[in-house]
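Visitor: I would like to learn how to read side-chain features in a model. Please take me through them one by one.

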Amino acid sequence: MAHQPQIRIPATYMRGGTSKGVFFRLQDLPAAAQVPGAARDALLMRVIGSPDPYGKQIDGMGGATSSTSKTVIIAKSERPGHDVDYLFGQVSIDQKFVDWSGNCGNLSAAVGPFAISGGLVDPARVPRDGVAVVRIWQANIGKTIIAHVPMTAGAVQETGDFELDGVTFPAAEVQLEFLDPAAEEDGEGGAMFPTGHLVDDLEVPGVGTFKATMINAGIPTIFLNAEDIGYRGTELQDAINSDPKALAMFETIRAHGAIRMGLIKDVSEAATRQHTPKVAFVAKPAGYTASSGKVVNPEDIDLLVRALSMGKLHHAMMGTAAVCIGAAASIPGTLVNLAAGGGERNSVRFGHPSGTLRVGAQAKQEGGEWTVTKAIMSRSARVLMEGWVRIPGDAF
């Protein structure tokens with residue numbers, strides 16, 4: 001019996017923020033995978049090692065968590081005022097699909113460095129020393145991200161003393177600006193507040209009715225009060241992820257919230273749309289010990305936030321969810337804003353399972369409607385490995 005040999009595809013394995021994934025230049029993918037469709041999805045799943053009924057992704061590059069089952073495709077942009085197009089694919093671990101419904105804010109930090117190193121940015125726009133400004137078109141949601149990438153001696157600077165809770169080692173700081181992060185270009189989910197309210201009563205059959213802020217800024221997110229669902233907001237991963245009943249409750253809340261946000265029409269659709277919306281719960285400041293052993297004091301933070309991604313409590317905070325937290329905190333009356341003490345604010349520092357994070361946002365109200373013009377946060381990025389990934393030639 002004849003067997004297909006493996007093929008090799010140029011790729012870079014990168015950490016961005018508290019996530020990591022496999023990065024490709026569009027031009028390096030096989031022709032069948034250079035366009036959206038089944039071949040592209042099959043290729044990316046095989047690279048990552050999915051679907052894996054064992055949930056380990058042993059036969060691929062994935063790390064068996066939502067933070068490490070990620071792929072990115074970068075291409076030169078033909079859109080005026082942009083350098084590159086950035087497409088993010090969240091690969092399901094145990095199911096056969098790639099979720100293209102949202103962005104990854106953490107990996108956004110690695111897009112600029114990858115694009116510069118990969119020759120996708122006009123060299124005339126990249127200083128030998130200083131900060132390169134990379135204009136990114138986020139193709140999943142139709143939004144612009146501006147990355148400020150440090151340069152030293154003509155190369156991307158990756159080492160530095162910037163520390164990010166959830167990442168073990170310090171690195172160079174990459175500042176990200178998410179422009180007009182609310183409401184997707186195609187109108188999916190409607191306006192920043194799809195229901196038209198800052199706070200709704202979200203009825204979840206079999207679970208209960210909860211106060212909820214459902215907002216689309218950075219990524220569609222459903223915010224709940226921790227105490228309403230039996231939590232304090234200081235929980236670490238094991239407290240949630242080791243409890244099947246809790247995970248089932250959050251998934252049910254997520255599915256019904258997705259319907260209210262106009263993202264799906266039936267709860268059954270949520271199973272193949274795991275990446276969005278997110279579910280998060282908030283609480284007023286309280287002290288706790290982070291997963292690293294770091295003590296977080298209540299005076300160090302404005303509020304507590306815990307968020308779930310791909311059915312599990314995230315070990316830190318998704319970058320897009322951080323954007324959403326910043327946006328919601330800047331709008332008086334949302335559950336996030338109220339947990340932070342209420343009133344007007346243009347930045348917030350919140351506690352998450354791995355420590356703390358600060359995010360800024362600029363909001364304004366016109367004609368009774370709130371808009372967020374910009375959200376800002378700092379992350380870091382680093383190349384972990386570069387070369388080729390290999391997959392069987394008949395895998396896609």
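Visitor: How many aromatic pairs does the structure hold?

Guide: First, the ground rules. This is a predicted model, where local features need pLDDT of at least 70, side-chain atom pairs count only at pLDDT 80 or more, and totals for chains, interfaces and linings use all residues. Residues are numbered from 1 along each chain as its sequence is written, and side-chain values use heavy atoms, with hydrogens and water left out. Now the general idea: a pair of aromatic rings is described by the distance of the centres and the angle of the planes. Rings of Phe, Tyr and Trp (its six-membered ring) pair if their centres lie within 6.5 Å; planes under 30 degrees apart count as stacked, over 60 as edge-to-face and the rest as tilted. The structure holds four such pairs.

Visitor: Why is the pair of tyrosine 231 and phenylalanine 281 called stacked?

Guide: The ring centres of tyrosine 231 and phenylalanine 281 are 5.4 Å apart and the planes are at 25 degrees, so the pair counts as stacked.

Visitor: Where do tyrosine 231 and phenylalanine 281 lie?

Guide: Elements first. Helices (H or I, at least four residues) and strands (E, at least two) are DSSP runs, numbered from the N terminus. Tyrosine 231 is in the loop between strand S12 (219–225) and helix H3 (237–241), and phenylalanine 281 is in strand S13 (residues 278–283), so the pair ties together parts that are 50 residues apart in sequence.

Visitor: Are tyrosine 231 and phenylalanine 281 buried or exposed?

Guide: Buried means under 20% relative accessible area, exposed over 50%, and partly exposed in between (1.4 Å probe, protein chains only). Tyrosine 231 and phenylalanine 281 are both buried.

Visitor: Which ring forms a stacked pair with phenylalanine 250?

Guide: That of phenylalanine 281, at 5.7 Å centre to centre and with 15 degrees between the planes. This pair links distant parts of the chain: phenylalanine 250 is in helix H4 (residues 244–260) and phenylalanine 281 in strand S13, 31 residues apart. Phenylalanine 250 is buried, like phenylalanine 281. Put together, Tyr231, Phe250 and Phe281 make one aromatic cluster.

Visitor: Next, charges and rings. Which residue lies over the face of tryptophan 388?

Guide: The criterion comes first. A charge sits over a ring if NZ of Lys or CZ of Arg is within 6 Å of the ring centre and within 35 degrees of the ring normal. Over tryptophan 388 lies arginine 8, at 4.0 Å from the ring centre. There is also arginine 306, whose charged end sits over the ring of tyrosine 288, 4.7 Å from its centre.

Visitor: Now the backbone. Which peptide bond has omega near -5 degrees?

Guide: The bond from serine 50 to proline 51 does, and it is cis. Proline 51 is placed in the loop between helix H1 (38–48) and strand S3 (70–76). Threonine 276 and proline 277 are also joined by a cis peptide bond, with omega about -5 degrees. Proline 277 is in the loop between H4 and S13.

Visitor: What is phi of alanine 153?

Guide: Near 55 degrees, a positive value in a residue other than glycine. Alanine 153 is in the loop between strand S7 (143–152) and strand S8 (155–156). Its relative accessibility is 46%, so alanine 153 counts as partly exposed. Aspartate 180 also has positive phi, near 45 degrees. Aspartate 180 lies in the loop between strand S9 (173–179) and strand S10 (200–204).

Visitor: How many salt bridges does the structure hold?

Guide: A salt bridge is a side-chain nitrogen of Lys or Arg within 4 Å of a carboxyl oxygen of Asp or Glu. The structure holds 12. One of them joins arginine 46 and aspartate 59 (3.3 Å, N to O). Arginine 46 is in helix H1 and aspartate 59 in the loop between H1 and S3, so parts 13 residues apart in sequence are tied together.

Visitor: Which residue forms a salt bridge with glutamate 177?

Guide: Lysine 374, with the closest N and O atoms 3.0 Å apart. Lysine 374 lies in strand S20 (residues 369–392) and glutamate 177 in strand S9, so this pair ties together parts that are 197 residues apart in sequence. Lysine 374 is partly exposed at 22%, whereas glutamate 177 is buried at 13% relative accessibility.
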